[in-house]
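Hi,

Here is the structure I promised to pass on to you. Have a look at it first, and then read my notes below with the picture open beside you.

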Amino acid sequence: MVSKVKIKINDLYKIFGPKGESHVEKVKSGMGKPELLEKHSHVLGLQNINLDIIEGKIQVIMGLSGSGKSTLIRHINRLIEPTAGQIFIDDTDVLAMSDEELMNFRRFKASMVFQKFALLPHRTVLANTIYGLTMQGLEVKEAEERAAHWLKRVGLEGFEDRYPAQLSGGMQQRVGLARALATDADILLMDEAFSALDPLIRSDMQEILLELQEELHKTIVFITHDLDEALRIGDDIAILRDGRLVQQGSSQDIVLNPADDYVGDFIKDINRARVLTLGTLPLKKASTKGIALSNNTSLENAMKALVDAKKDSVIVVKGDKKLGSVSMHDIVHAATRSSETAGEAVTYR
Amino acid sequence: MSLIDWNKLTITEPPVLPRELLRNFKKGLDGTFRDFSRSYGEALEDFFNPLLMFLKWFQDLLVSTPWPIILLIIGGLSWVGSRSWKMSLGAILAFVAIGWMDMWEDTMATLAIVSVATLLCIAIGIPIGIWMSRSDRVQRIITPVLDVMQTIPSFVYLIPVVMLLGIGKVPGLLAVMIYASPPIIRLTNLGIRLVDAEVLEAADAFGSNYRQKLFQVQIPLALPNIFAGVNQTIMMSLSMVVIAAMIGVPGLGVPVLRAVSNQYLALGLMNGLAIVAIAIIFDRVSQAYGKRLQKHREGDHGV
Ligand SMILES: Nc1ncnc2c1ncn2[C@@H]1O[C@H](COP(=O)(O)OP(=O)(O)O)[C@@H](O)[C@H]1O
Ligand SMILES: [Mg+2]
């Protein structure tokens with residue numbers, strides 16, 4: 001299957017301040033964020049962003065606080081206007097849209113979930129969920145039917161008449177999710193949607209999102225500063241630092257080959273055994289002893305299988321094909337080399 | 001001619017405008033305003049005539065309505081506002097006492113002017129407050145005007161109002177409104193400005209237009225503040241009752257004025273207490289209503 005680019009961002013720059021445009025050239029020729037702030041009192045939000053987001057996938061954008069994640073995601077539905085650059089969605093130039101087109105784009109094509117839920121406190125759960133639908137011009141009755149369906153999908157059946165303040169954070173964000181899903185937009189923008197939630201609840205929400213995505217195949221842009229979350233739900237991950245994309249790729253790419261120490265720092269505490277798969281290890285010539293496991297088995301599962309089978313070598317297969325074999329020793333080594341060899345990862349630069 | 005009267009200037013007397021210049025200045029201003037009121041006073045009176053008619057009609061209506069019905073309405077409104085039988089009963093008893101002390105008619109007149117003044121303040125104040133919240137420049141211009149309206153002694157603006165419109169209900173109403181409208185304007189502005197930025201962003205993200213954002217998000221979220229403004233406006237218009245009486249507004253202020261000039265202690269006290277009673281009822285009922293408005297905002301898990 002050829003993957004189609006849904007959202008295309010080209011050479012995007014955002015400089016906050018009254019005369020942003022006049023400073024783009026300086027940034028292009030190398031002026032950094034601190035210098036721009038000090039000399040010209042403008043804040044460098046984003047620089048030189050080029051990103052293709054694939055249809056039907058979850059694109060995670062990661063970075064520390066202040067790295068420009070919120071700024072980037074708000075360019076996709078033009079809540080923030082770029083200083084320079086281009087944004088295409090389904091080959092439509094978002095920046096060329098008239099006010100009316102933009103409004104319809106926001107009503108029908110892209111919906112959003114917010115970090116602090118952004119629900120209307122004076123409206124019930126149901127009345128919050130229909131917000132986007134009424135913006136689309138639907139009659140209240142039909143909107144309520146559709147909204148009720150989505151509330152059920154996120155597990156809020158029976159809570160329709162509560163007010164947001166009567167719900168826990170996790171439940172409020174389910175309302176936020178239902179409100180966004182109800183509009184049937186094919187793009188879902190989620191700005192740290194789960195960051196405000198407790199770890200257990202967050203994990204529940206990730207599960208709900210993944211389950212829904214199995215069947216909905218939306219194009220989701222998901223922002224987080226939590227690598228575990230990124231690895232769990234992201235098909236692709238892009239890492240932002242000071243407004244610049246420092247690395248993009250699959251989670252395996254990022255864990256195996258961090259582009260610099262900033263990324264290295266991010267990944268140093270993760271559970272590599274859970275992220276890495278057998279296919280990413282250097283394989284020896286296939287031996288005949290050992291158990292056969294698929295190349296996309298995680299190291300964690302492979303170790304468990306080896307221990308259970310009381311064997312110490314795996315034959316890695318892809319479909320019917322034998323790719324090679326790998327020993328328990330190598331698996332353990334790959335899974336644990338994180339902190340001791342963090343220096344080695346840096347030598348990549 | 002010099003702008004300072006040098007003869008008068010000493011170490012204890014600050015520089016002062018020569019007497020003649022000062023007199024001419026005052027005369028000029030008086031004359032200009034008098035001419036203005038001569039040529040436009042009548043037009044202005046015509047302009048305000050519908051208001052006068054309405055005010056008269058409303059007051060007559062209150063006075064001519066049988067007292068049991070008024071008591072029922074008072075009790076009913078108190079209940080609607082506060083959902084409390086005690087409050088309702090208290091309000092009815094207060095009005096029975098007012099009638100018993102022979103202050104019924106004056107009280108109705110006061111209720112009429114306070115209600116009309118409050119309604120007008122709301123009708124004018126909320127749009128101005130919204131306008132102010134939309135633009136920092138408008139806010140910068142209007143805020144000092146509101147400060148002046150609230151701090152300038154009422155007697156000072158009574159002078160031009162009376163010169164223009166004479167003595168009567170309309171100038172009285174204007175005086176009350178000048179004093180009582182700032183809180184509703186201020187709190188509408190404040191309420192809208194305090195609306196959570198992320199909620200506004202959500203409204204934008206779902207494609208709301210200007211009106212939808214204003215009426216479905218900003219005003220509802222600002223409502224508790226707007227309501228606090230309404231409450232203050234009511235209180236402040238009640239506090240103007242005596243001053244309004246000085247320029248011919250009927251009501252509880254009139255006997256108070258008479259009591260002051262004739263040293264009738266009991267009369268002044270009774271009417272003053274009647275004003276206080278009305279104020280307390282309005283305040284408690286409207287506060288209870290305001291609280292109920294935002295009850296759902298309180299965390300209340302598992303209800
Ligand atoms: N409206 C704004 N005006 C000026 N600077 C801004 C504005 N919005 C964001 N910034 C700056 O842009 C940078 C990126 O912010 P943001 O996108 O919110 O980061 P993140 O979401 O990754 O925490 C920060 O330095 C922030 O201070
Ligand atoms: Mg952010």
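Start with B:Gly172, which touches B:Ala244, B:Ile247 and B:Val249, leaving aside residues up to four places away in sequence. Please keep in mind that this is a predicted model. You will find B:Gly172 in helix H7 of chain B, residues 169–193. Is B:Gly172 buried or exposed? Its relative accessibility is 0%, so B:Gly172 counts as buried.

While you are in chain B, turn to the surface. B:Leu3, B:Leu17, B:Leu22, B:Phe25 and B:Leu29 make a nonpolar patch there of about 490 Å². One of these, B:Leu3, sits in the segment before helix H1 (19–64) of chain B. B:Leu3 has a relative accessible area of 61%, so it is classed as exposed, the cut-off being over 50%.

Now to a sheet in chain A. Strands of a sheet pair through backbone hydrogen bonds, either parallel or antiparallel. The one to look at is an open sheet of three strands in the order S11-S12-S13, with mixed pairing.

Strand S12 of chain A (residues 313–318) pairs with S13(A) in the antiparallel sense, over six bridges. Within S13(A), A:Lys321 is the residue opposite A:Lys318. Two helices of chain A also lie across strands of this sheet. Helix H14 (residues 299–309) lies across S11 and S12 of chain A, running at about 160° to S11(A). Helix H15 (residues 328–336) lies across S12 and S13 of chain A, at about 75° to S13(A).

- A:Lys39 and A:Glu35 form a salt bridge, with their closest N and O atoms 2.8 Å apart. The two are four residues apart in helix H2 (residues 33–40) of chain A, which means that about one helical turn separates them. A:Lys39 is exposed at 57% relative accessibility, while A:Glu35 is partly exposed at 32%.
- A:Lys141 and A:Glu145 meet through their side chains at 3.6 Å, N to O, in a salt bridge. Both lie in helix H7 (residues 140–153) of chain A, four residues apart, about one turn of the helix, and both are exposed.
- A:Arg202 and A:Asp226 are joined by a side-chain salt bridge of 2.8 Å, N to O. A:Arg202 lies in helix H9 of chain A and A:Asp226 in the loop between strand S8 (219–224) and helix H10 (227–233) of chain A, so this pair ties together parts 24 residues apart in sequence. Both A:Arg202 and A:Asp226 are buried. A:Arg202 also touches other residues, including A:Phe194, A:Leu197 and A:Glu229.
- A:Lys4, A:Lys6, A:Glu55, A:Asp90, A:Lys109 and A:Asp186 are linked in a network of salt bridges.

Enjoy exploring!

Best wishes

Technical notes. Residues are numbered from 1 along each chain as its sequence is written. Chains are lettered from A and ligands numbered from 1 in the order in which they are written. This is a predicted model: local features need pLDDT of at least 70, side-chain atom pairs count only at pLDDT 80 or more; totals for chains, interfaces and linings use all residues. Side-chain values use heavy atoms; hydrogens and water are left out. Patches are made of residues with over 30% relative accessible area and no salt bridge: like charges are joined within 9 Å, nonpolar side chains (Val, Leu, Ile, Met, Phe, Trp, Tyr) within 5 Å. Accessible areas come from the Shrake-Rupley method with a 1.4 Å probe; for residues, only the protein chains shown count as cover. A salt bridge is a side-chain nitrogen of Lys or Arg within 4 Å of a carboxyl oxygen of Asp or Glu. Buried means under 20% relative accessible area, exposed over 50%, partly exposed in between (1.4 Å probe, protein chains only). Two strands pair if DSSP finds at least two bridges between them. Contact means heavy atoms within 4.5 Å. Axes are lines fitted to C-alpha atoms, for helices over the stretch in contact, and angles run from 0 to 180 degrees between N-to-C directions.
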